[in-house]
Amino acid sequence: MTLIAVAVIVGVNSSGWLPARAVAVLDNGAQLAAALAAVATCAWTTRRLTGAERSWRRLMALGMAGWALGQLIWSWYQIFSTEHLPSPSLADFGYLSLPVFALLALLSIAASVPRPAAASPQSRHRDRAVLVLDGLIVVASLLVLSWATVLGAVVEAGAETREAFAVAIAHPITDLVLTAIVVLMFSTRPVPRAYRPQLSLLGLGLVALSLSDCVYAYLVATGAESMSPLANTGFIAGPALIALAGSATVDRQPPEPVPAPRRRADWLHLLVPYVPVIATGLLVVVRALSGHRLSNVEIYVGWLGLGLVVARQMVTLVENTALLARVSEGQQRLAYQAFHDPLTGLANRALFRERLQHAVDRHRLHGQPVALLFVDLDDFKLVNDGLGHAAGDRLLRAVGDRLQGCVRRDDAVARLGGDEFAILLDGDPTVPERVGERIIAALSEPFTVDAHTVRVSASVGVVVPDADEMLTPDSLLRRADAAMYAGKRRGKGLLVRYEAGVSDGSGDPHLPDLLATALTGDPASAGFEVHYQPIVRFEDAATVAVEALARWSHPVAGAVDPDVFVKVAERAGLVANLDDFVLDRACGDAAALAETYGQAIDVHVNVSAGRLGRPELEAALDRALARHGLRPGRLVLEITETSRIVDLTGAAAAARRIRARGVRVALDDFGSGFNALAQLHALPVDVVKLDAALTDIETEPERAEALCRSVLAICAELQVAVVAEGVETVSRAGALARLGCRLGQGYLYGPPRPIQGLTASVG
């Protein structure tokens, strides 16, 4: 509507229907009305805005108020006074207040435009300084160009009006600076779409004012007495467009930070201001070669432009220096994060292994002693369960600090994961025991966590290779881990040195190396086999499924307890090899199991919880099913408690993909370890296997029955089958059946046996 009103006023002004005095009244009144409309609109809109959106509108309201004051003084002289308005005058002061406030408003808009997330506050200030310098450089260059071609001759022709012209030319110059800034903001900066309407309207308003100011300066230079109403169109349209800009608001939702400028925008940012500078330089060279002398204006403005270019380059140089400093700082931060534990700040596994490799190389080449300590907190899970994981994290940080206080500055302390730490010592081979004892003593002192006194102990394993032993870093870690585990089995809080006759409880000191060789080669030829334990129906003791369990009898080490080799496999990162071996063998034995029991039965296979969600598990599952032609519905994957599921969302998605194949998913050892109600809620499972601790209803009958009844009720609501583990007596089986549990597994129905030792018991 405002633009329509402007068009009507301009049409009437240019039609010649009204007397000159009436036209002057209408013309000046329209300019004043448009200015007041801009003031009112910008001021009124600020009531519902905050931040930079409010700031730039307030600034434009002040600038347009000054412009309106100048227009009021001008109108008085034009309409009512018989004298000519002097130049300069208070009207000029009012008019020229607009560019000052408009510049501040544009800088405020530039501040409100989202910048790349990496931009610092200092870089944003420099960016606004460069924006102003670019605008001044462009206008100075254009002024020299226009003076050398047209403007200089016009001013020379009207020499008597030079003083008035000096004031008049200030109006379009300041307008052009602002217009150049708007153009540069669009061409060299990523202005979001939501900010473009107000900036476009504001820029068009400044362009309109600049056009009329240019006409006014030309008329002053040529000695004209007045401007035509048509030439005053910009003085009406400009404030009207500024009023529209003030009313155009962005969405109240803060826009997303814009990405870093692309290479094209970077080049525009650098080159656009210099295009008019280059053109001006070429023109000056051509004029000098043709014998034309440079005027004072060309010389002074040229030197001013050169100074602006130098200032601009200085700002750019400072910005580039700051950028390089930020890049260097970012690289150092990334390097630190890549090789340090984010929780404790200690070295992580990758950095520790690198340092361990260097120590092993020095030991092999130069005989330099090396010692490795493996530290594991005892019963740390109780802290997490009792005080929460946040408190557990704070305790781990405190443990890391104490460990660093127990060693020398050059020794390497690392957190390998969870509550496991490793320390690499160089030098005297008698030092490790003293350091280990110092660590045990330091960690036995109570910790204060969240106003709670927490006491922990640690088991420490030490390995010091002989001078003629050529061990790998992995071998050293496995030996230190085995020694630490031996301490845990002897009572915890102990220091054990790895040597002949000391291991993780199996009786063989080389068990970790033997296990690594067996699982990375052919497990079957190294003594691994799969035994099966029946899962029966309580009502008739019929076997409905079997659980596949790994057993290991090494030709040299002899029979190794499953608890031992599974734990060692977990620590050595070999549990995937163990899981895949059992999975493949169980799928291959499915047909023989069906012959043994006279019907197809389900096969349960254990899978480490930490592998759920990893693509290699699903790939191994597909290979086993395809290789042996087993129907997916006959296979149940049991998620064991050997490690905590960190990403429950990703694990749930993986479980859904596995179930989509037709394979069922079970939660093993429910009620102990990490398989709690949170996992039952998050994971789509078909079967829950109750841990023996929950099914022991003979020790505390009332409490145990209440727990079992609650879990059975929950699973019934979720339509999840329940298998009770640890069923060893007839009375326990009967009690569980009375509570509503239909399936059980335990030594009452037989221990795990090789497939040849199974007997049919189908009801």
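How many salt bridges does a search of the whole structure find? The search finds 21, a salt bridge being a side-chain nitrogen of Lys or Arg within 4 Å of a carboxyl oxygen of Asp or Glu. The model is predicted, so local features need pLDDT of at least 70 and side-chain atom pairs count only at pLDDT 80 or more, whereas totals for chains, interfaces and linings use all residues. Residues are numbered from 1 along each chain as its sequence is written, and side-chain values use heavy atoms, without hydrogens and water.

Asp-579 and Arg-611 form a salt bridge through their side chains, at 3.6 Å from N to O. This pair joins distant parts of the chain, 32 residues apart: Asp-579 belongs to helix H19 (residues 575-597), and Arg-611 to the loop between strand S11 (602-608) and helix H20 (615-628). Helices (H or I, at least four residues) and strands (E, at least two) are DSSP runs, numbered from the N terminus.

Helix H17 (residues 511-520) packs against helix H18 (residues 562-571) at an angle of about 75°, the axes lying 10 Å apart. Axes are lines fitted to C-alpha atoms, for helices over the stretch in contact, and angles run from 0 to 180 degrees between N-to-C directions. H17 is therefore roughly perpendicular to H18, a term for angles of 65 to 115 degrees. In H17, Leu-511, Pro-512, Leu-515 and Leu-519 meet Val-564, Phe-565, Val-568 and Ala-569 of H18, contact meaning heavy atoms within 4.5 Å.

How values were computed. Parallel < 35°, antiparallel > 145°, perpendicular 65-115°, else oblique.
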